[in-house]
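These are my notebook entries on a structure that I had not examined before. I set down what I looked up, entry by entry.

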Amino acid sequence: MSKIKVVKEKTPKQVKVKKQRKNMPKYVLIAVIAVIVAALCLMWALPNLPRKPQTLPNASYKGIIELWNVETFEGGSGSRQSWLTSKSAKFEKQNTGLYVHVTNLTVDELKQKLADNQQFDIICFGRGVGDVVKDYLAPLEVSTRDLRENMLLAGQFDGKQYALPLYAGAYGLFARTSQLAQDELLNKALTQTYTRKVGKNTIELSPMICGFTPSNSPLTALAMSGGKGSAASIAEDVTQYQAYEQFVSNKTAVTLLGTQRDLYRLNQREQNGKIESLGFVPLSGYTDLVQFVGVNANCGEKLSSCQAYLQYLISDEVQQSLVNLSLFCAYDKSIYTDERYVALEQGLSAAFVPNAFADSSVIANQRQTAKATLGI
């Protein structure tokens with residue numbers, strides 16, 4: 001007896017579904033696949049997205065915080081005191097009842113205030129002041145994520161962080177390209193002379209001039225960036241602005257060892273046709289042009305609010321506004337597009353930054369070491 005083959009009859013619903021599948025347009029199928037792939041990609045990407053910006057702590061103190069700002073080197077453009085005041089005003093809006101009073105002081109005025117037993121709550125300072133105030137400062141409990149490590153180390157002593165970098169400057173070489181080619185600028189900064197006629201007179205330009213503050217060592221920047229030659233004739237009683245003026249006059253030296261302040265001034269002159277084309281080389285091996293900020297250990301109930309203010313000063317928002325001062329961030333991020341500023345900015349990451357709390361004898365020895373090193 002033969003087997004009977006049983007054939008199941010398809011229901012109308014099954015026939016309809018099959019027809020729908022068969023007649024499904026290709027573009028719909030592609031769209032479905034694309035959605036699935038996108039979902040899978042999103043599942044992979046979410047854990048790898050950048051972290052949210054750090055939430056800034058609120059200040060609980062109600063009252064006045066005294067901030068003393070002591071500047072020991074030239075800035076870039078604009079007033080650093082005004083910048084601090086404007087940033088403080090924004091911080092005050094975020095912390096009702098708190099006020100930050102900014103006072104600009106010279107080093108001598110600072111010493112006199114301390115001698116008179118007047119006290120700061122927060123102090124902004126450069127090299128040459130750290131030794132004066134270090135015994136007043138409290139170890140900091142502030143997030144230092146993204147800050148330049150070389151600058152952070154410079155704000156430490158006894159293995160603790162007593163000051164945070166706030167902003168930085170940098171050194172560079174400038175020369176008229178008609179007197180010294182840019183590709184020879186670093187190698188010949190200390191040797192290239194130039195003779196020029198001024199009316200009936202002949203002027204012999206010396207190789208280089210640079211400006212000093214009581215606590216900086218610009219020749220260290222030249223030595224640590226690969227410069228060579230005798231620096232014995234470099235006068236240390238020339239200020240940063242005097243060096244700039246003498247370079248612009250074109251009657252003293254071929255090369256200027258200057259700073260970010262000179263870059264701003266000379267860029268302006270170049271753009272306005274008031275000086276001929278300039279060569280420029282950043283000195284990326286060293287900078288002591290760093291402004292730090294610390295908190296008084298004796299500020300009592302203000303301590304946590306002062307540290308909250310420091311955290312605010314090193315936030316992305318505040319640091320990026322340094323572009324308006326032609327200064328450089330304390331964190332390792334770029335805020336410039338101008339080629340010369342970018343070159344200085346990039347060099348700061350690898351530069352040696354000396355300790356902010358060095359005393360005058362250390363600085364004097366450093367200057368002599370730089371001259372000796374350049375002459376080797």
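**Entry 1. Charges over rings.** I began with Lys134, which lies over the face of Phe157, at 5.8 Å from the ring centre. I count a charge as sitting over a ring if NZ of Lys or CZ of Arg is within 6 Å of the ring centre and within 35 degrees of the ring normal. I then looked up Arg265, whose charged end is placed over the ring of Tyr244, 4.3 Å from the centre of that ring.

I note the basis of these values: the model is predicted, local features need pLDDT of at least 70, side-chain atom pairs count only at pLDDT 80 or more, and totals for chains, interfaces and linings use all residues. Residues are numbered from 1 along each chain as its sequence is written, and side-chain values use heavy atoms, with hydrogens and water left out.

**Entry 2. Aromatic pairs.** Phe157 also belongs to a cluster, in which ring pairs link Phe125, Phe157, Tyr162, Phe292 and Phe357. Rings of Phe, Tyr and Trp (its six-membered ring) pair if their centres lie within 6.5 Å; planes under 30 degrees apart count as stacked, over 60 as edge-to-face and the rest as tilted. I found 17 aromatic pairs in the structure. One of them joins Phe174 and Phe280 in a tilted arrangement, with 5.1 Å centre to centre and 40° between the planes. This pair links distant parts of the chain, since Phe174 is in strand E7 (residues 171-176) and Phe280 is in strand E11 (residues 278-283), 106 residues apart. Helices (H or I, at least four residues) and strands (E, at least two) are DSSP runs, numbered from the N terminus. Are Phe174 and Phe280 buried or exposed? Both are buried; that term means under 20% relative accessible area, with exposed over 50% and partly exposed in between (1.4 Å probe, protein chains only).

**Entry 3. The chain as a whole.** I recorded 14 helices and 13 strands in the chain. Of its 376 residues, 48% are buried. A contact requires heavy atoms within 4.5 Å. Among contacts with a separation of 6 or more, 76% are between residues 24 or more positions apart.

**Entry 4. The six-stranded sheet.** What is the order of the strands in the open sheet? I read the order as E2-E1-E3-E12-E6-E13, six strands with mixed pairing. Strand E2 (98-105) and strand E13 (328-329) are the edge strands, each pairing on one side only. Two strands pair if DSSP finds at least two bridges between them. Strands of a sheet pair through backbone hydrogen bonds, either parallel or antiparallel.

I looked at E1 and E2, which run parallel and are joined by eight bridges. Leu67 has Val102 of E2 as its bridge partner. Strand E1 (residues 63-70) is mostly covered, with six of its eight residues buried. I then turned to strand E6 (residues 164-168), which pairs with E13 in the antiparallel sense over two bridges. Ala168 has Phe328 of E13 as its bridge partner.

**Entry 5. Positive phi.** I noted Asn250, which has a positive phi of about 60° although it is not a glycine. Asn250 is in the loop between helix H9 (240-249) and strand E10 (253-259), and counts as buried at 9% relative accessibility. Ser326, likewise not a glycine, has a positive phi of about 55°. Ser326 lies in the loop between helix H12 (316-320) and E13, and counts as buried at 6% relative accessibility.
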